[in-house]
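Subject: A structure for you to look at

Hi there,

Here is the structure I promised to pass on. Have a look at it first, and then read my notes below.

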Amino acid sequence: MFITLTDIAWAIILTIWVMIVTLYISKYVARKTTIYVARKTIHILGGGLVAVVSPFVFSSPLLPIILSYLLTGYLIFHRERQPLSWFQDKENRGEVWFTFSFGTILLLSWILIRNFWDPGSRDIYVALLPLFYMSFGDGVTGIIRNYVYKRRVKGWWGSLGMFIVSSFLGYYFLSIPGLISGILATIVERIGKVDDNILVPFVPFILLYITVVLLNL
């Protein structure tokens, strides 16, 4: 059975939490700082927290995947009809790619990795680490750059912050392959010409899938 009553209860709780972060906390942050910091707040408190708790509270990744795609549709709707101005930027679709990538990484993992949805399994972090990099690593780098450079720019201090967060998480959960994936996430975020919310999760995911799942390193 892919969905239980407990799954539904936690889906409601986490959906309410993400709504609070998106509609209230990030709006407060935007008033006190900038739209850019508000976006990164959603990355960390919304996506990051959901990524951390999901394997412990859901019996399968089905509901997180469905909710990610529903949220993607919700954000697209608002971009086209009534933008959520405190964090949506008409020049940047990062928040849409974030939710899309979140769900797609989980979906690919579910398809490609047998029995991966187990917080005690090493393979779960092949899926979770890319989401951590996108949520926490990229979130931290954006906040650092905002306060150091006072504008949206890919500066080295931000990259250093992402390197520290991502390489630590990678090594802690998956040793050397994880460390390399964290470094790779930092590199593609720094030099990538495609949206960070696509490159940062998908490039490390491919590396981790090959090294941890296929090669069992």
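Let's start with the second largest pocket: by class, its lining has 3 nonpolar, 5 polar and 9 charged residues. Here Ala, Val, Leu, Ile, Met, Phe, Trp, Tyr, Cys and Pro count as nonpolar, Asp, Glu, Lys and Arg as charged, and the others, Gly among them, as polar. A pocket is an open set of points on a 1 Å grid over the protein atoms alone, where a 1.4 Å probe fits, with protein on both sides within 12 Å along at least five of seven lines; lining residues have an atom within 4 Å of a point.

This is a predicted model, in which local features need pLDDT of at least 70 and side-chain atom pairs count only at pLDDT 80 or more, while totals for chains, interfaces and linings use all residues. Residues are numbered from 1 along each chain as its sequence is written, and side-chain values use heavy atoms, with hydrogens and water left out.

Back to that pocket: 17 residues line it, and Y36, N92, R152, K154 and D196 lie nearest its centre. Helix α2 gives the most to this lining, with 4 residues; helices are DSSP runs (H or I, at least four residues), numbered from the N terminus.

Now for the largest pocket. Its lining has 27 residues, with V18, T22, L67, L71 and T99 nearest the centre. By class, 16 of them are nonpolar, 9 polar and 2 charged. The helices α1 (5-32), α2 (35-57), α3 (62-81) and α4 each supply at least two of the lining residues.

Finally, find R114, in the loop between α4 (94-112) and α5 (124-149).

Enjoy exploring!
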